[in-house]
Amino acid sequence: MDKKEKEMLSKHEQRSKDGFDALAKYVIEQKACNYCGSCVSVCPKDCLVMGEDSPELSGECNSCGLCYLACPRTFLPMTSMQQWSFGTDEIPPLGTYQEAVLASSNSEKIMEHSPDGGITTTLFTYLLENKLVDAVITSGKQHDCTWCYHPKPLVVKDPAVLIQCIDRKYDPNPLLTLLRQTTGFEKVAFAGLACHVLGLKKLQYAARAYQEALPAFAKRADKLTRNIDFVVGIGCMCRMGKGMWDVMLKEEGVSGEDQVVKHLEERITGDYVFHLKDGGEARVPHTRIIE
């Protein structure tokens, strides 16, 4: 750890002494929370829950400051994390990789349900079936319907359940809240968006790099992440507010996801097209999504 990072830690350690108030001041009130859920998992008193738009206190805070320190929106030592993960300070535009490939699943069952290539589902099915992991942290669905854009954090142990998780989910999803629920497993796989992966990688890095500078944080981070053996990052186009897809679909005359039988993203326009039970079609323009 270089001098610059030590100075950064000193500043944020001082801020963290205000406990949840620091997280509220520097993240929540600034509308910077990405709803990843890392703060909930690191809280040793279990007094944080994910509210409608951000974490909220559900008990008395002891001002340990771990929620503030763990949040990827307070500080994120990207150069040091890159060096620790890949042995280089360079951060290429597409990230560090050994080989780039275009692929799709060879499972007909997975491809029947997948709007894309089904690669993450295929990888995790292989890991579970071959006992290479005991559980998978991934995004499930809130509703039992053909197509659901409302996600929920889910721990999966049965490969058959992974099929039920397939599809895009657009609302914010606090996946990292599940870290505290999976500490009893020996090996765990994790799939999340960039915001989730950065939060997870910050914890993994802190567990090793901050044992002397921030021992309480390092100890808690290690307990939560020592069993994470496989991490899959999934591409993300933008961050939407909770419920925004409901708003956009209603603008197109679709009042509920139970009306949708199939959806696709047009590769040329980027528009999202929804086939409805009544034989009609609704379209959300790409420009509406990124505005």
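Predicted model: local features only at pLDDT ≥ 70, side-chain atom pairs only at ≥ 80, totals over all residues.
Q: Why is Gly118 called buried?
A: A residue is buried when its relative accessible area is under 20%. Gly118 has 10% relative accessibility, and therefore counts as buried. The residue is found in the loop that connects α6 (108–113) with α7 (119–129). From Met1, Gly118 is separated by 117 residues in sequence and by 39 Å in space, C-alpha to C-alpha.

Q: Why is Phe230 called partly exposed?
A: The class in question lies between the buried limit of 20% and the exposed limit of 50%. The relative accessible area of Phe230 is 33%, so Phe230 is partly exposed. Phe230 belongs to strand β6 (residues 228–234).

Q: What makes the nonpolar surface patch of about 280 Å²?
A: Tyr126, Leu132 and Phe230 make this patch. Members of a patch need over 30% relative accessible area, and Phe230 has 33%.

Q: How do you know that strand β5 is mostly covered?
A: Of the six residues in β5 (residues 188–193), five are buried.

Q: What makes β5 a partner of both β3 and β6?
A: Two strands pair if at least two bridges are found between them. Strand β3 (residues 135–141) is joined to β5 by three bridges, and these strands run parallel. Between β5 and β6 there are six bridges, again in the parallel sense.

Q: How do you know that the span of helix α9 agrees with expectation?
A: Helix α9 (residues 194–209) has 16 residues, which at 1.5 Å a residue should span 22 Å. The C-alpha atoms at its ends are 21 Å apart, so the two values agree. The buried residues of α9 include His196, Val197, Leu200, Leu203 and Ala207.

Q: Why are β7 and β9 said to stand at the edges of their sheet?
A: The open sheet has three strands in the order β7-β8-β9, with antiparallel pairing. β7 (260–265) and β9 (281–284) each have a single partner strand, so one side of each lacks a neighbour in the sheet. On average, neighbouring strands of this sheet are turned by 20° against each other, direction ignored.

Q: What makes β7 and β8 a pair?
A: Pairing requires at least two bridges, and five bridges connect β7 with strand β8 (residues 272–276) in the antiparallel sense. Leu264 is placed opposite Val273 in β8, and Lys262 is placed opposite His275 in β8. The hairpin of these two strands has six residues between them, and there Gly270 takes a positive phi near 80°.

Q: Why is the contact of Arg226 with Asp222 called a salt bridge?
A: The criterion is a side-chain nitrogen of Lys or Arg within 4 Å of a carboxyl oxygen of Asp or Glu. The N to O distance between Arg226 and Asp222 is 2.8 Å, and the pair therefore meets the criterion of 4 Å. Arg226 is exposed because its relative accessible area is 55%, whereas Asp222, at 24%, counts as partly exposed.

Q: How do you know that Asp271 and Arg283 form a salt bridge?
A: Their closest N and O atoms are 3.5 Å apart, and the limit is 4 Å. Asp271 lies in the loop between β7 and β8, and Arg283 in strand β9, so the pair ties together parts that are twelve residues apart in sequence. Asp271, at 14% relative accessibility, counts as buried; Arg283, at 30%, counts as partly exposed.

Q: What makes Asp271, Glu281 and Arg283 a network of salt bridges?
A: Arg283 meets Asp271 at 3.5 Å and meets the side chain of Glu281 at 3.7 Å, N to O. Both distances are within 4 Å, and the three residues are linked in a network. In the whole structure, a search finds four salt bridges.

How values were computed: Residues numbered from 1 in each chain as written. Heavy atoms only, no water. Patch = residues over 30% accessible without salt bridge, like charges linked within 9 Å, V, L, I, M, F, W, Y side chains within 5 Å. Areas by Shrake-Rupley, 256 points an atom, 1.4 Å probe, with all protein chains shown as cover. Helix = DSSP H or I, 4+ residues; strand = E, 2+ residues; numbered from the N terminus. Buried < 20%, exposed > 50% of the residue type's maximum accessible area, 1.4 Å probe, protein only. Expected span 1.5 Å × (residues − 1). Axes fitted to C-alpha atoms, helices over the stretch in contact; angles between N-to-C directions.
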